[in-house]
Amino acid sequence: MNAKERLARLTKVLEAAKGRDILIVLTQLDPDAIGGGLAFKFLLKKGFGIDAAIGYFGAVGNQQNKSIFNLFDLGRTLKPLTPEDLSGDALVVLIDSSAVDDSRVGVTLNPRIVVDHHSGTTLVEGDKTFIWVEDTGSATTLVTELIRAKGLACEDDEDRTVFILASLGVYTDTDSLVDAGKRDLEAYAWLGKFYEQTELITLLRYRLSRYYFENLTHALTHRTIEGPRLVANAGIIRPDEGDDLAIIADLFIRMEGISLVVVWGLIHDPDRPGSDCVRLSARSTDISMSLGSFLQDRFGAGGAKLSQGGKGIGGAQFKPRLTWDGTQVRGQELLGLMGTRMEQIVFAE
């Protein structure tokens with residue numbers, strides 16, 4: 001289906017759910033999720049007269065996300081969510097994700113509307129659901145196509161903020177447009193008509209925290225290579241440092257002779273004892289391998305997308321279940337044991 005046909009399908013689903021509150025859920029915070037989520041909220045409000053709520057799970061992590069929240073005061077619009085927020089009757093919308101059992105959420109989701117660009121979804125569209133999962137560079141590209149099909153445009157300063165952040169979503173998720181396809185470039189060019197490029201450049205010149213360099217150092221000194229595969233351990237990291245893994249993975253995949261990279265860390269929140277989990281970011285330049293299937297087969301979790309340039313980009317998060325004499329293994333001991341196990345999983349043929 002093209003964007004107009006998809007819009008007609010979405011319209012029917014919204015009409016069937018008329019009168020229900022709508023909650024746009026972001027299970028991760030990155031520019032594509034933020035830009036796509038706010039763009040979908042814009043579509044609902046300006047195109048259908050629906051004032052949807054929008055929220056996120058996890059933390060406002062790296063410096064870029066913090067810059068976005070501060071510059072545009074997004075804390076007024078995007079609210080942190082808990083599993084209890086999903087217990088009501090609100091219709092759930094997933095943007096930039098199609099995983100119903102995401103460990104960051106804590107409960108199984110039952111979304112009525114999904115817009116995503118990561119392969120491997122098990123969701124099937126029905127009479128009352130709208131499931132649009134397609135291989136584009138960013139989820140925001142798909143939302144932008146819906147906005148254009150609806151005939152909407154930027155009308156005021158509030159709209160311009162949405163369009164700037166939507167552009168950022170397309171730009172970052174296509175590796176600065178290097179991996180952008182025709183549809184991504186068209187979406188980016190159209191969004192760019194409504195703001196000055198200097199406004200976007202400000203968001204690209206963000207500082208990296210000192211913790212990022214500590215995590216990078218740990219990954220550099222705790223990496224193992226077998227053939228074309230590389231596994232790197234970034235150590236014990238805070239919840240708001242999780243996005244560092246993706247930045248480090250993007251660096252390692254550029255190493256000569258490497259076609260698969262898995263960078264992982266143990267996410268530790270001192271305020272939530274027992275909540276430790278493993279998070280990983282994976283990159284692949286082997287076009288013969290489905291990265292999404294690899295992550296599911298090896299880790300039983302995760303998803304991935306294939307860039308227009310043929311690069312696999314994915315990640316996963318899961319709870320480690322290592323015990324000794326009935327006691328849960330934690331901290332540095334868990335990190336060491338997981339290091340050995342991660343290498344076994346990735347390097348196994």
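The charged end of Lys150 sits over the ring of Phe48, 4.3 Å from the ring centre. Arg210 does the like with Tyr211: its charged end sits over that ring, 4.3 Å from the centre. Both come from a predicted model.

**Aromatic pairs**

Rings also meet rings here. The structure holds nine aromatic pairs. Take Tyr56 and Phe69, one of the pairs: their ring centres are 5.9 Å apart and their planes stand at 80°. Planes over 60 degrees apart count as edge-to-face, so this pair is edge-to-face. The pair links distant parts of the chain. Tyr56 belongs to strand S2 (residues 53-56), while Phe69 belongs to helix H3 (residues 63-72), and 13 residues separate the two.

Phe130 and Trp132 form another aromatic pair. Their centres lie 6.5 Å apart, with 80° between the planes, and the pair is edge-to-face.

The table gives the values.

| Residue | Relative accessible area | State |
|---|---|---|
| Tyr56 | 8% | buried |
| Phe69 | 9% | buried |
| Phe130 | 0% | buried |
| Trp132 | 4% | buried |

Phe42, Phe163, Trp190 and Phe194 form one cluster.

**Around Ile131**

Ile131 lies in strand S6, which covers residues 130-133. Ile131 has a relative accessibility of 12%, so it counts as buried. What does Ile131 touch, leaving aside its neighbours within four places in sequence? Its contacts are Arg6, Val114, Leu123, Val124 and Glu125. His117 is 14 residues from Ile131 along the chain, and the C-alpha atoms of the two are separated by 11 Å.

**Helix H5**

Helix H5 runs over residues 157-173. Does its length agree or disagree with what its residue count predicts? At 1.5 Å a residue, its 17 residues should span 24 Å. The end C-alpha atoms are 25 Å apart, which agrees.

How many of the 17 residues of H5 are buried? Twelve are, so the helix is largely enclosed by the rest of the structure. Among the buried residues are Asp159, Phe163, Leu165, Gly169, Tyr171 and Asp173. Phe163 is also a member of the aromatic cluster.

The buried residues of H5 pack against several elements. The helices are H2 (31-48), H3, H4 (139-149), H6 (182-191) and H7 (197-204). Strand S11 is on the list as well. Helix H3 is the helix that holds Phe69.

**The six-stranded sheet**

Strand S11 leads on to a sheet. Strands of a sheet pair through backbone hydrogen bonds, either parallel or antiparallel. This sheet is open, has six strands and shows mixed pairing. Its order is S7-S8-S9-S10-S12-S11. Which strands form the edges? They are S7 (223-226) and S11 (303-306), and each pairs on one side only. On average, neighbouring strands are turned by 15° against each other, direction ignored.

Look at one pairing in detail. Strand S8 (residues 229-237) and strand S9 (residues 260-267) pair in the parallel sense over seven bridges. In S9, Leu260 stands opposite Arg229.

Technical notes. Residues numbered from 1 in each chain as written. Predicted model: local features only at pLDDT ≥ 70, side-chain atom pairs only at ≥ 80, totals over all residues. Heavy atoms only, no water. Pairing = 2+ DSSP bridges. Helix = DSSP H or I, 4+ residues; strand = E, 2+ residues; numbered from the N terminus. Axes fitted to C-alpha atoms, helices over the stretch in contact; angles between N-to-C directions. Phe/Tyr/Trp six-rings, centres within 6.5 Å; stacked < 30°, edge-to-face > 60°. Buried < 20%, exposed > 50% of the residue type's maximum accessible area, 1.4 Å probe, protein only. Lys NZ or Arg CZ within 6 Å of the ring centre and 35° of its normal. Expected span 1.5 Å × (residues − 1). Contact = heavy atoms within 4.5 Å.
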